[in-house]
Amino acid sequence: MVTGAPGSGKSTVVPELVRLSPGNLVVMDMDELLDDDGRLLGISIASPTAAPIWPAYNALWLRITELIRRSGIPVLLLTPALPTELPEGRWLHLDCPDAIRRKRLAARGWPSVQIEEAVADAAELRKYVPRSVRSDVNPESCAKGILDWIRGERFGKTLSLWGRLRS
């Protein structure tokens, strides 16, 4: 699992992850089940009124990943969730400086209140998932950092990706 608050670059890095790992890894972004308006089965999942359906949405994703993994192919799910919400797998945090997150979300037309909520979400994720890859580099470098982490996890290596990607 790769988690990241809104504006961290999850959707941006997906095409590079797919390109760099053809046939070796199923890469999915949680947002890919949503329609263009951010709805799932007619419900906007970003709305506070959608809070009751989040557990079912998370369970659906766990089931999807389980179905794929049983074929022997590893799965990488990019999600804004906390490890407590999807309690399976290993976790990496896709992160960027708050100033960059604010700029990205403002470019999407997000209101200031929602941008600050995303910044707070990022701070919370940093507490839960301290191992991170920076997303304020180009998408290919970011994807390579994520794939290095996956390879390290599969072979029992501990990687310090944050420092390596900084240089």
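Me: Let's start with a side chain: is Arg151 buried, partly exposed or exposed?
Reply: Arg151 is partly exposed, at a relative accessible area of 43%. Keep in mind that this is a predicted model.

Me: And what does the side chain of Arg151 meet in a salt bridge?
Reply: Asp148, with N to O at 3.5 Å. Asp148 is partly exposed as well, its relative accessible area being 26%.

Me: Where do Asp148 and Arg151 lie?
Reply: Both are in helix H5, three residues apart, which is about one turn of the helix. Elsewhere, salt bridges with shared partners tie Glu16, Arg19, Glu140 and Lys144 into one network.

Me: OK, take Arg19 and Glu16 from that network. How far apart are the closest N and O atoms of their salt bridge?
Reply: 2.7 Å. The two residues are three apart in helix H1, so about one helical turn separates them.

Me: Is Glu16 buried or exposed? And what about Arg19?
Reply: Glu16 is buried, with a relative accessible area of 18%, because buried here means under 20%. Arg19 is partly exposed at 45%.

Me: Which salt bridge links distant parts of the chain?
Reply: Look at Arg102 and Glu116, whose side chains meet in a salt bridge at 2.8 Å, N to O. That pair links distant parts of the chain, with Arg102 in helix H3 (residues 98-107) and Glu116 in helix H4, 14 residues apart. Arg102 is partly exposed at 33% relative accessibility, and Glu116 is partly exposed at 39%.

Me: How many salt bridges does a search of the whole structure find?
Reply: Eleven.

Me: Now the inside. How many residues has the largest nonpolar core?
Reply: It has 17 residues, and those with the most contacts inside it are Val2, Val13, Leu17, Leu76, Leu78 and Ile146. The elements giving two or more residues to this core are H1, strand S5 (75-79), strand S6 (92-95) and H5.

Me: Which element gives the largest share?
Reply: H5, with six residues. As background, nonpolar side chains tend to be buried together in soluble globular proteins.

Me: Back to Val2: which residues does Val2 touch, leaving out those up to four places away in sequence?
Reply: Val2 touches Leu76, Leu77, Leu78 and Thr79, then Leu92 and Leu94, and also Ile146 and Trp149.

Methods
Residues are numbered from 1 along each chain as its sequence is written. This is a predicted model: local features need pLDDT of at least 70, side-chain atom pairs count only at pLDDT 80 or more; totals for chains, interfaces and linings use all residues. Side-chain values use heavy atoms; hydrogens and water are left out. A salt bridge is a side-chain nitrogen of Lys or Arg within 4 Å of a carboxyl oxygen of Asp or Glu. Helices (H or I, at least four residues) and strands (E, at least two) are DSSP runs, numbered from the N terminus. Buried means under 20% relative accessible area, exposed over 50%, partly exposed in between (1.4 Å probe, protein chains only). A nonpolar core is a set of buried Ala, Val, Leu, Ile, Met, Phe, Trp, Tyr and Cys residues joined through side-chain atoms within 4.5 Å. Contact means heavy atoms within 4.5 Å.
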